[in-house]
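Hi,

Here is the structure I promised to pass on. Have a look at it first, and then read my notes below.

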Amino acid sequence: MRVSLYRDEGVVLRTQKLGEADRIVTILTRRTGRVRAVAKGVRRTSSRFGARLEPFTHVDLQLHAGRSLDVVTQAETLHPYGEALVSDYPRYTSGMAMLETAEKLTSGEKEPALRQFLLLVGGLRTLADGSHDPRLVLDAYFLRSLAVAGYAPSLDKCARCGAEGVRSFAIVTGGMVCGTCRTPGAASPAPPTVALMVALLRGDWDAADASETRHRTECSGLVAAYLQWHLEHGIRSLQHVERV
Amino acid sequence: MYEGVVQRLIDELGLLPGVGPKSAQRIAFHVLAADPVDVKRLAHVLLEVKEKVRFCRICGNVAAEEECRICRDPRRDPHVICVVEESKDVVAIEKTREFRGRYHVLGGAISPIEGVGPDDLRIRELMTRLADGEVTELILATDPNLEGEATATYLARLLKPMGLKVTRLASGLPVGGDLEYADEVTLGRAFEGRRLLDV
Ligand SMILES: [Zn+2]
Ligand SMILES: [Zn+2]
């Protein structure tokens, strides 16, 4: 008989009601990748799981592998990121967009995605501790998770020919382009906006925190458009993200 | 797959919330075996409910008339409104007999991942109700789970400039669950010990 119980840690991405009092929880785990599992009785107020299987929670889990869906048999909270996020609407909506992106950028179920998992945990931790503008945290997360998925935008060289001295951002071409490769409709962002994108992609928070609001706004617009273009069905929660 | 109309019945039943393919099949065969009179009564009430029942134009609760029973009741306190997600939450709170004010049914909770934002809920209608200044306290009784909390956060911030007393059902309601599953005693206690939201 094969062993069907396994243990992992993960971040709860999404929950859906199932039947009378159960939920299906989608979890991005450290070792197993994205998992969908049934949490039985979790909607009853007497549930032993309590808030441990709510979105944003970083949990230590024991699961029973099932034929179609796994079943959560134990859950212990490691970090309740949702507690900090839920009382701050802009942070909450930014976090939701991160969860949805993590789900969409991990294409298959149970395909290990350690780097995406680590990025998400790091992103949620930074969002919850309130040390940076949530919009910067979200855009940094978008850029880095796209990079991990193989869609890093080219920012310092032309995405098409590799030439230096780039001035335009062409989503379809894959980032900044030179004057020769510029396609109609490409945006021409302010140089500090491009510098902000570079800083966010590298994790240079000193530079990012020092940026001006108008460049943050322009950066968010470009990053959002770039993300939506790379994800077939787009990120639904993005339109509900509230910018402070 | 079953023949024609049987399969169609299973498919229709399978669209209902909480009914999976196995349950749909079980219900369909129950209907097949049932007395025709019973089935007619069920079919009739299904049609009747769609024809006669609507949503209260004031609070959004299910109603047999233009306004629901609670909004029409002059003995209910017009100064307090309890905001809930669904009509079934009104039923759960009414059972506690703790609350004598009126309700406002949002029609769900903010859920960005499902594409549900503030504009998709009956929040504008709530703001309209508050405009004349008769309401002095608002109790936010959205579900004690993440989406319910986030909806309460959003509302509290929106209501802040209005200078109302805004309260949230006390903890003691275990987090993570649905309000409708809270027992009457727990829910009653949560009402008594509601806390002032300081936003
Ligand atoms: Zn070029
Ligand atoms: Zn009413």
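Predicted model: local features only at pLDDT ≥ 70, side-chain atom pairs only at ≥ 80, totals over all residues.

Chain A contains 7 helices and 7 strands. Going along the sequence, they come in the order β-β-β-β-β-α-α-α-α-β-β-α-α-α. On overall size, a compact globule of 244 residues would have a radius of gyration near 18 Å, and the 20 Å of chain A agrees with that. Its C-alpha atoms fill a box of roughly 60 × 40 × 30 Å along the principal axes. In chain A, 46% of the 244 residues count as buried.

The part I'd look at next is the barrel. In chain A, 5 strands form a closed barrel in the order E1-E2-E3-E5-E4, and the pairing is mixed. Neighbouring strands of this sheet are turned by 50 degrees against each other on average, ignoring direction. Strands E3 (residues 34-39) and E5 (residues 70-80) of chain A run parallel, joined by 2 bridges. There you can find A:Val38 opposite A:Val71 in E5(A).

Helix H2 (residues 89-105) of chain A packs on the sheet and touches E1, E2 and E3 of chain A, at about 115 degrees to E1(A). Helix H3 (residues 114-129) of chain A lies across E1, E2 and E4 of chain A, at about 105 degrees to E2(A).

Lastly, the interface: 27 residues of chain A are in contact with 21 residues of chain B. On the chain B side, helix H7 (residues 146-159) of chain B gives the largest share, 6 residues. By class, that side has 10 nonpolar, 8 polar and 3 charged residues.

Cheers

Notes. Residues numbered from 1 in each chain as written. Chains lettered and ligands numbered in written order. Helix = DSSP H or I, 4+ residues; strand = E, 2+ residues; numbered from the N terminus. Rg over C-alpha atoms; globule rule 2.2 N^0.38 Å. Buried ≥ 20, exposed ≤ 12 C-beta atoms within 10 Å, placed from the backbone. Contact = placed C-beta atoms within 7 Å. Nonpolar A, V, L, I, M, F, W, Y, C, P; charged D, E, K, R; others polar. Pairing = 2+ DSSP bridges. Axes fitted to C-alpha atoms, helices over the stretch in contact; angles between N-to-C directions.
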